[in-house]
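These are my notebook entries on one structure, written down in the order in which I looked things up.

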There are 2 protein chains.
Amino acid sequence: MVEVCERSSGLAALVTRGELSTPALTIDVGAVERNLERMAAYCREHRLGLRPHTKTHKTPEVARMQLERGACGLTVAKVGEAEVMAAATKAEILVAYPIFGGEKLRRLATLAKTRTLLIALDNEATTLEVSRAASAQQSTVGVLVEFDVGLGRCGLESGSACVELATKIQQMPGLKFRGLMLYSGNIWGSEAERQRISAQVSEQVGRVVQDFAQARMPVEIVSGGSTPGAFLSHQIGGLTEVRPGTYVYNDMNTYYQGVCGLEDCAARVVVTVVSTAVPGRAIIDAGSKTLSSDLLSSGPREGYGYVVDAPDAKLIKLNEEHGYLDISKSNHRFHVGEILTVIPNHVCTCVNMHDEVFALRNDQAMATWRVAARGKIR
Amino acid sequence: MVEVCERSSGLAALVTRGELSTPALTIDVGAVERNLERMAAYCREHRLGLRPHTKTHKTPEVARMQLERGACGLTVAKVGEAEVMAAATKAEILVAYPIFGGEKLRRLATLAKTRTLLIALDNEATTLEVSRAASAQQSTVGVLVEFDVGLGRCGLESGSACVELATKIQQMPGLKFRGLMLYSGNIWGSEAERQRISAQVSEQVGRVVQDFAQARMPVEIVSGGSTPGAFLSHQIGGLTEVRPGTYVYNDMNTYYQGVCGLEDCAARVVVTVVSTAVPGRAIIDAGSKTLSSDLLSSGPREGYGYVVDAPDAKLIKLNEEHGYLDISKSNHRFHVGEILTVIPNHVCTCVNMHDEVFALRNDQAMATWRVAARGKIR
């Protein structure tokens, strides 16, 4: 942390959380360390690789903390994110997204000249494009074939379709077939629900892996996992690694999923009450351009964040720069100028609103970290 | 436009819309010009000042287009936005937000040394803070007192409360009372509904203005308006200016409000189909980090954007980087690599996701414009 501070401190002097100019997204470094250790320990115990998805933090300092704790690589969704993480680390990077388009694939293939890169694909058209780009750059891009385990987003539907695509990949220049990818974002809900879906996913993975065994095609990597189902990954036979993202910071979604406590929610937005003119209401200086408009996808499914200082005040509505607190049932007396702290519903989209975050230890800001991969949409 | 191009072109060669690396937010400059002309003509006709809210575009080039067409000033929500717009224009700037906090108000007061600045307030605590900051910088900040016309966000509830606060403002150093502000974001819904609420707002404005007349306090500015109600502003007696934002680009919300046609939606996201592996589905490379998660607040209230090329395909769900198109009822044949164009639900939050936009004329990219005030949350 001291090193991180020296590398990236933009703070003139130590300030406490309550002294930050608001709205400010703060990161409790102690909580991050606990979250990282917990996942790393789980993966060590079950001999699973850990390739964290950096979409949550988009921050080189945090990626390095993950790698220092034994992550086997990093995951990104976009080429621009891969470029940021490649510049900041020596990690093998998985682009867990079927990138299509000449400009982006040229950059991907260029990056692959000096860095081991993987991309996940589910179709021949994209495969041909990646092969063409890699050939032009005389580089090699590793490929994972994606199969769908029930989310209905990307991924082939059958093991035989995966084998067929993998066979084509093996014959294309510039590509190296390295394994399979699944995204089990459908492992969601109550503990029992997650267990049930996890068992289904395990069956599907088993079938696909078997199809590859029958085709005598070695599968080096089977990459799965997301935060809500991460700690069930050892039950999914055949997985070699997991790619959770949210676990680093957690949020109200993971809290309501029961996979973390409030104290594990490391990312919190410090806000100021700016108006109490309307009865029953307090307005805070954080709206959808600070917190994101993402609704809760678990738990009570209402509200736009949790007010730590007054949980009985409900963040019922967001405009772009205004958060509407319903304080009609709150025992807290709100006043203009008061500093509050809000835990966001969905930390990934919240972080994406911020150019920088403030790393705190014991409620003191130790460093500003640039969210360097924010806005890298291509 | 040529001048704008020369100032800010980052494009090596002219490219057409379909050749842009995706996802890319494009701005049809011809549509912007029509939107600006229409609002400017309305304001000229009714002798209303036009102080566009720059939160929609956050882009100096567009602010200058507004000023060149007769805008009397600019509106922002944050001090950081004011700094960007002050650096790019000579406009008088209204910070339509009750900024609270020493660091931000010091910057505001500093800016007021070289620029006529206004701030809208609804409480004494903030007023004292602004006065203190302005006094310390030996600058003067103009103040509008905000009153609530039914939205229930910020603003005092009665004319007498406004007169009371204005009286205090007149006595405080560093401040200059200049008038009143209201935000009629509640003028919303069908034409008839908008007419009805507009009539109510007119009554409220009338009462407050009368209270000031009785107190013999001159009110130089009465600032109102938002895009959905903008063209009803002449019916609101006493208004001296309006602050619409969205009208510059429009979006599916303003379309469903009936205040623009689809051809007036100037901001469109060019995307690529990246997967069709799951039956009945096409996945595009634009999710909530490109379009924003904002739901429709008018019209059918479902879906995350309008697919211009295939309106019968429904954008039913967004993950961060994935848009889920339900193509089960579409006549269009989708294929991986295909370029589509999406009109966002809410253009203000969509623009806020982008570091740059691509200005098009006749579907050719003429310039890249930096969204320079994006991320200026403080």
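Entry on A:C260. In this predicted model, I looked up how covered this cysteine is, and I found a relative accessibility of 10%, so A:C260 counts as buried, the cut-off being under 20%. I then searched for a partner and noted that A:C260 is in no disulfide, since the nearest cysteine sulfur, which belongs to A:C265, is 4.2 Å away, whereas a disulfide needs the two sulfur atoms within 2.5 Å.

Entry on A:C350. I repeated the search here and found that A:C350 is in no disulfide either, with the sulfur of A:C348 as the nearest cysteine sulfur at 9.8 Å. The relative accessibility of A:C350 is 0%, and therefore I list this residue as buried. Over all chains, my count of disulfides comes to 0.

Entry on the fold. I counted 11 helices and 18 strands in chain A. Its radius of gyration is 22 Å, close to the 21 Å that the globule rule gives for 378 residues, so I may call chain A as compact as a globular protein of that length. Along the principal axes, the C-alpha atoms fill a box of roughly 70 × 45 × 35 Å.

Entry on burial and surface. Of the 378 residues in chain A, 64% are buried. The accessible surface of chain A comes to about 13500 Å², and carbon and sulfur atoms hold 48% of that area.

Technical notes
Residues are numbered from 1 along each chain as its sequence is written. Chains are lettered from A and ligands numbered from 1 in the order in which they are written. This is a predicted model: local features need pLDDT of at least 70, side-chain atom pairs count only at pLDDT 80 or more; totals for chains, interfaces and linings use all residues. Side-chain values use heavy atoms; hydrogens and water are left out. Helices (H or I, at least four residues) and strands (E, at least two) are DSSP runs, numbered from the N terminus. The radius of gyration is taken over C-alpha atoms; the globule rule is 2.2 Å times the number of residues to the power 0.38. Buried means under 20% relative accessible area, exposed over 50%, partly exposed in between (1.4 Å probe, protein chains only). Accessible areas come from the Shrake-Rupley method with a 1.4 Å probe; for residues, only the protein chains shown count as cover.
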